[in-house]
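Here is a short briefing to read alongside the coordinates. Have the viewer open, and we will go through a sheet and then a helix.

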Amino acid sequence: MKSQTPFAAFSANTVNSPPDAPLLSVEGLQTVFTLADGRDAAAVSDLSLSLRRGETLGLVGESGCGKSVTALSILRLVMPPGRITAGRIVFDGRDLLTLDEPALRKIRGRRIGFVFQEPMVALNPVYTIGRQIAETVAVHGLARGAAAKARAVEWLEAARVPEPARRAREYPHQLSGGLRQRAMIALALCANPALLIADEPTTALDVTVQAEILDLLRDLRASLGLALLLITHDLGVVAEMADRVAVMYGGRIVEDGPVSAVFHSPAHPYTRGLLACLPDATRGHRLVAIGGTVPSLGHFPPGCAFAPRCGDRLEECSVAPPGITALSGDSGTGRTVRCYLHQPSSGGGA
Amino acid sequence: MTPLLAVSHLVRDFKRGGWLRGGGTVRAVDDVSFDVRQGETFGLVGESGCGKTTTGRCILRLIEPTSGQVVFRGTDLATLNARNLRRARRDLQIVFQDPYSSLNPRMRVGAIVEEPLIIHRIGTRDERKARAAELFGLVGLDPAHAGRFPHEFSGGQRQRIGLARALALNPSLVIADEPVSALDVSVQAQVVNLLQDLQTRLGLTYLFIAHDLRLVRQVCDRVAVMYRGRIVEMAPAEALFGAPAHPYTRALLSAVPRVSPEDRTVRVVFDHEAFRPLALREVATDHLAAVE
């Protein structure tokens with residue numbers, strides 16, 4: 001990457017909180033949606049996570065597990081019939097749940113950038129991508145007029161968009177899926193945020209394009225000192241990108257820890273099942289399938305949401321959701337799991 | 001041994017869309033030839049737009065080929081009239097990617113599974129009902145649910161319904177076009193296992209069209225890699241994944257994110273500009289690649 005990349009224009013990410021405090025800390029988040037039949041259902045329950053500066057957390061799960069709602073909650077973008085009903089979201093020393101909309105707008109896009117799966121939806125189809133980036137730069141008071149336009153081209157170049165000056169004058173529909181996602185990344189980073197939330201940023205892309213986008217995110221993360229909350233259903237993407245992983249199921253984080261430890265010795269039966277059912281490249285070998293289906297919102301079972309599909313189910317699993325247990329031992333450092341098998345009282349060991 | 005399906009020199013051109021773009025044609029499938037042998041799973045892989053889906057549909061003539069031959073059990077499907085084509089299609093079925101749009105939302109699932117039997121005028125009403133119940137059991141669904149509508153089922157269950165419909169006429173070849181890519185990871189394995197069980201039980205042959213290389217490696221005996229409408233490499237799965245010969249195949253394989261660090265490979269980047277459509281040649285026994 002060239003030295004006159006746009007981030008040279010900024011001093012390092014300025015943060016207010018002390019250096020050892022997490023950049024983002026979510027505690028006890030609950031986000032509830034009112035369903036068509038009038039019932040309330042929690043899409044996210046008692047969710048806690050933290051992210052340090054420069055760290056990447058992979059939030060993984062299947063459709064409907066609440067991972068995208070978690071991202072929207074952190075950005076305070078949950079729209080009715082959804083609402084946040086409990087918890088704290090402390091970003092750089094401030095609880096986002098206590099801020100009003102004008103204050104949030106100074107954080108969204110400026111301090112927390114975001115990239116979604118569908119760049120075609122997130123980008124405005126009637127403006128050129130250069131204008132959209134320049135406008136974002138201007139809104140956040142970083143540059144104006146011609147300088148903002150120049151900044152937009154620089155960011156497109158940083159996102160490795162070929163011929164950035166020409167592409168800046170094009171509309172989203174004129175770009176391929178991969179280029180659109182690069183433009184989206186340029187847009188997300190152009191205000192030099194400290195945290196980037198990327199929700200399935202490569203899911204709609206072909207595998208070779210995905211690899212390029214992941215490389216780009218990795219490089220930008222390093223050069224900008226970004227913290228990255230990477231939301232995906234692909235365990236391979238997590239393994240390649242993240243320092244820590246949080247596995248979600250039925251609106252809760254069921255397991256959390258360093259990627260290598262969790263993938264090497266998964267503690268929760270769901271994590272174990274998810275890893276076991278991946279194709280393992282042995283022709284003819286049967287995959288180890290998890291029976292049943294992923295529960296949808298409004299149909300999360302009482303107790304542990306995974307209980308109906310779990311081979312290790314205990315009696316208490318269907319009664320009330322298990323609490324969070326910190327794992328002990330060498331392989332347990334920095335790991336938590338939400339499973340009765342690992343609670344000291346039930347004698348499940350671990 | 002004569003192959004069950006022999007595709008040779010298949011070509012399909014599409015008119016470039018929209019009056020603004022000023023016409024012209026795009027060759028979506030460009031001189032594609034391959035054989036599918038009785039009882040095997042043949043994988044057709046590539047990225048979006050490579051022509052793999054169009055190839056699958058040209059075989060069934062859901063899309064008419066521009067030129068080329070599709071010989072199935074000794075008959076060239078490309079030359080059949082509508083009536084004989086319908087007859088031939090009994091033996092040649094397809095499972096689509098999207099279990100949400102490929103089932104008629106207004107039909108009960110029992111009727112969806114029975115429909116091929118009605119179209120081909122097979123059996124009495126009671127016999128068809130019994131056959132539908134049998135098919136439900138075969139794909140792991142409760143026959144008692146035949147009166148329900150598609151929206152009452154999950155994605156994985158809908159894919160089972162699509163599979164039951166495809167199997168209604170006892171086909172020998174099933175074209176499975178991205179059969180699990182719309183499903184959750186934990187449900188994909190169930191459907192993949194079902195496909196493999198059915199293959200063993202019914203002696204099915206699969207043409208498996210997919211973009212997920214991990215999955216293709218798991219289920220396919222032989223694999224062809226498509227790029228820009230052409231097959232650039234074709235080999236037994238073990239050889240293709242173990243010793244890829246074409247630079248595009250190498251790039252594709254190296255781009256797959258790996259879960260275990262031991263599996264990681266050095267990334268290979270393919271120079272799309274430098275691509276030249278070369279003829280396939282044998283680089284090892286049964287292993288063809290479009291290389292110099």
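In chain B of this predicted model, four strands form an open sheet in the order β2-β1-β4-β5, with antiparallel pairing. A helix of chain B, α4, is the second topic, with its buried and exposed residues.

**The sheet**
- At the edges of the sheet are β2 (25-36) and β5 (75-76) of chain B, each of which pairs on one side only.
- Five bridges link strand β1 (residues 5-15) of chain B to strand β4 (residues 67-72) of chain B, in the antiparallel sense.
- To find your place in this pairing, look for B:Leu5, which stands opposite B:Phe72 in β4(B).

**Helix α4: length and buried side**
- Helix α4 (residues 125-138) of chain B has 14 residues, so at 1.5 Å a residue it should span 20 Å; the end C-alpha atoms are 20 Å apart, in agreement.
- The buried residues in α4(B) are B:Arg128, B:Arg131, B:Ala132, B:Leu135 and B:Phe136.
- Because these residues cover an arc of only 145° around the axis, they lie on the same side of α4(B).
- The packing partners of the buried residues of α4(B) are α3 (109-119) and α5 (155-167) of chain B.

**Helix α4: the other face and what follows**
- Turned away from the buried side of α4(B) is a face that carries the exposed residues B:Asp126, B:Glu127 and B:Gly137.
- After α4(B) comes B:Gly140, which has a positive phi, near 80°.

Terms used: Residues are numbered from 1 along each chain as its sequence is written. Chains are lettered from A and ligands numbered from 1 in the order in which they are written. This is a predicted model: local features need pLDDT of at least 70, side-chain atom pairs count only at pLDDT 80 or more; totals for chains, interfaces and linings use all residues. Helices (H or I, at least four residues) and strands (E, at least two) are DSSP runs, numbered from the N terminus. The expected span of a helix is 1.5 Å times one less than its number of residues. A residue is buried if 20 or more other C-beta atoms lie within 10 Å of its own, exposed if 12 or fewer, and partly exposed in between; C-beta atoms are placed from the backbone. The arc is that of the directions from the helix axis to the C-beta atoms. Two residues are in contact if their C-beta atoms, placed from the backbone, lie within 7 Å. Two strands pair if DSSP finds at least two bridges between them.
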